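User: Please take a close look at one part of this model, the sheet, and then follow the chain onward from there to whatever it leads to.

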Amino acid sequence: MPRKQPKKRGPVEISENVENFPAAGKKVKVATKAPDEEEEEISHWLMKSEPESRFENGIDVKFGVEDLKECPDQTACWDGVRNYQARNFLRDKMKKGHQVFFYHSNTKQPGICAICEVAKEGYVDHTQFDPKDPHYDKEEPRWYMVDVKFRRMTQRYIPLAELKALHGQHKQSGGALRDLSLFTRARLSVQPISQEEWDFILSLETTPAKFEYLKAYR
DNA sequence: GCCAACGTTGGC
DNA sequence: GCCAACGTTGGC
């Protein structure tokens with residue numbers, strides 16, 4: 001199933017896990033993030049999933065948008081996330097109706113292919129208790145998931161290469177994608193998207209891809 | 001398939 | 001609390 005920073009420093013919005021860990025007393029590194037991002041109520045997200053077969057502990061973790069479409073009610077639980085920052089978004093921040101970019105990762109041309117929405121808010125990811133699951137984790141409820149419902153394909157595929165080229169430009173110009181999490185927190189599988197970023201990326205749908213963007217940065 | 005970046009673990 | 005070793009992600 002789904003497998004699945006800006007400049008000024010401030011306290012982290014979540015710092016991980018201290019009270020959730022029975023093995024407390026452990027030191028926990030505290031990430032930091034921009035205060036303005038912290039204060040903004042996030043209502044848009046990007047979630048990564050792999051559209052091609054890949055086996056983890058003998059189990060295929062493939063889950064592309066076509067798989068989502070085939071689910072009952074075109075809705076799936078987003079299980080398997082095992083990263084604390086992503087977990088905290090799933091558990092605390094993602095609300096019903098929030099809009100989500102469905103992103104294909106670990107594929108030839110990674111990029112945004114569809115729009116979904118949060119259909120059910122954070123609840124315990126049951127797969128952590130299944131010893132056969134590739135993401136088995138016997139600890140007390142530690143991992144969370146949301147349900148995601150397919151809404152529509154984007155009008156065109158928006159490749160990572162294009163976003164990356166734009167991100168490069170916007171870092172100079174102060175444009176909408178200057179801090180895009182895809183590049184500032186590359187390894188997060190559940191990422192916050194600001195309203196400004198959401199609107200800009202949506203506007204790309206109806207803007208033909210500029211070929212040079214796709215070649216730049218390669 | 002490679003490997004850089006980064007998250008996690010654990011010794012001290 | 002530091003940091004080296006290790007594991008994972010994910011673009012290329």
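Analyst: In this predicted model, strand 6 (residues 111-124) and strand 7 (residues 144-159) run antiparallel and are joined by 10 bridges. Within that pairing, Val124 stands opposite Tyr144 of strand 7. The two strands belong to an open sheet of six strands, ordered 4-7-6-5-1-8, in which the pairing is mixed. Its edges are formed by strand 4 (75-77) and strand 8 (190-193), each of which pairs on one side only, and neighbouring strands of the sheet are turned against each other by 35 degrees on average, direction ignored.

Helix 4 covers residues 160-173, and its 14 residues reach 19 Å from the first C-alpha to the last, close to the 20 Å expected at 1.5 Å a residue. Ala161, Glu162, Leu163, Ala165, Leu166, His167, Gly168 and His170 are buried in this helix, and the residue that follows the helix, Gly174, has a positive phi near 75 degrees.

Lys164, which falls within the residue range of helix 4, has a side-chain N or O atom 2.3 Å from a phosphate oxygen of DNA strand C. The side chain of Lys48 places an N or O atom 2.8 Å from a phosphate oxygen of DNA strand C, whereas Asn106 approaches a phosphate oxygen with a backbone N or O atom, at 3.0 Å. The residues of the surface near DNA strand C comprise five nonpolar, two polar and five charged.

Technical notes: Residues numbered from 1 in each chain as written. Chains lettered and ligands numbered in written order. Predicted model: local features only at pLDDT ≥ 70, side-chain atom pairs only at ≥ 80, totals over all residues. Heavy atoms only, no water. Polar contact = N/O pair within 3.5 Å; in protein donor to acceptor, adjacent residues only side chain to side chain. Nonpolar A, V, L, I, M, F, W, Y, C, P; charged D, E, K, R; others polar. Helix = DSSP H or I, 4+ residues; strand = E, 2+ residues; numbered from the N terminus. Expected span 1.5 Å × (residues − 1). Buried < 20%, exposed > 50% of the residue type's maximum accessible area, 1.4 Å probe, protein only. Pairing = 2+ DSSP bridges. Axes fitted to C-alpha atoms, helices over the stretch in contact; angles between N-to-C directions.
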